[in-house]
Amino acid sequence: MEINLISDTVTKPTPAMLDVMFKAEVGDDVFKQDPTVNELERYTAEMFGKEAALFFPSGTMANQTAIKLHTQPGDEVICDKWSHIFLYEGGGVAANSGVSCHLVDGDRGKITAEQVKNVINDPEFYHAPTTRLVSLENTTNKGGGACYEFQELQKIKQVCIEHNLKYHLDGARLWNALVAKQQQPKDFGSLFDTISVCLSKGLGAPVGSVLVGNAIDIKKAIRIRKLFGGNMRQSGYLAAAGLYALQNNIERLAQDHQRAKELGKVLASKSWIASVEPVETNIVIFTLHATVDEKQFIEKLKQKSILISSMGQGKLRMVTHMDYRSVMHDYVLDVLNRMQS
């Protein structure tokens, strides 16, 4: 029994999800003739109180489309130094849109309205790039699944209004934040110009993300998706999995959060652990004492059939998900409790 805690992207479709995929009514989505894709887009847009939505093969493509949608070459995007769009999207902000990032030193991947306000370039100062977009990530990946307080998001929105900036949310794990904070999708929809949400992480779909926004922006996004090579044909088979995930797998995220907290608690009790980041959702990030070899530690767990990942700079990560069952969780807790280093 291999226990994969590397990411929540490792899940496989359940029999019930596969059943709706096989039975999906499909057409050619390039011509907007796939009824299941159309329904997924309508359903997701309605969840967030937005006018329209667009289905993408990946969250990276959805984010990159939003950045290109809101900027021109030479512009600048404000984001946290740990943002996915900066660290883990292959330099796409530069390659795809010709823009640069103004990195803010936030708290576990979260930045404040005051920090945003302090780094906006004077639009009359032509030596500096034009600040055009604020991009946030919720929950934060490298920040250990940390969630923004909604009041801070509202404050940042006000700064965007005052300075005529666009506002994008990388909501790959927004579902986790909604469950953990007992928040509503429509509240987020009312704040952000665009939001990307992932269906293949905590919700268990095999592929796909959705970008929501107003009708004009999503119409433009269709052209950008084409430019990026993101058009798909009978993608309703994938959209059916996404619809099933949205309708059945959101509330169960609380179980992942509880198990992650239990893992964090055990790790924090061990003398060979230097630190454990606060656990808010389904990501546990921790560091080992300097006397413990990181590669050997990962290998020890692997020999016990437990797979985890390194995020660099001494940070190790465990991610709980729907395929991480109760029996697996009990086993991992027992292994960690028994380990000396």
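Contact here means heavy atoms within 4.5 Å. This is a predicted model, where local features need pLDDT of at least 70, side-chain atom pairs count only at pLDDT 80 or more, and totals for chains, interfaces and linings use all residues. Residues are numbered from 1 along each chain as its sequence is written, and side-chain values use heavy atoms, with hydrogens and water left out. Helices (H or I, at least four residues) and strands (E, at least two) are DSSP runs, numbered from the N terminus.

**Helix α11**
- What covers the buried residues of α11 includes α1 (15-22), α2 (35-47), β2 (52-56) and α8 (174-181).
- Those buried residues (under 20% relative accessible area, 1.4 Å probe, protein chains only) are Gly236, Ala239, Ala240, Ala241, Gly242, Leu243, Ala245 and Leu246.

**α1 against α11**
- The two helices pack at about 135°, their axes 8 Å apart; axes are lines fitted to C-alpha atoms over the stretch in contact, and angles run from 0 to 180 degrees between N-to-C directions.
- That makes α1 oblique to α11, oblique being whatever is left after under 35 degrees (roughly parallel), over 145 (roughly antiparallel) and 65 to 115 (roughly perpendicular).
- On the α1 side, Ala16, Met17, Val20, Met21 and Phe22 meet Tyr237, Ala240, Ala241, Tyr244 and Ala245 of α11.
- By class, that contact has ten nonpolar, no polar and no charged residues; Ala, Val, Leu, Ile, Met, Phe, Trp, Tyr, Cys and Pro count as nonpolar, Asp, Glu, Lys and Arg as charged, and the others, Gly among them, as polar.

**α12 with α14**
- Helix α12 (residues 253-268) and helix α14 (residues 326-338) cross at roughly 10°, with axes coming within 10 Å, and are therefore roughly parallel to each other.
- Their contact divides into six nonpolar, three polar and two charged residues.

Notes: Buried means under 20% relative accessible area, exposed over 50%, partly exposed in between (1.4 Å probe, protein chains only).
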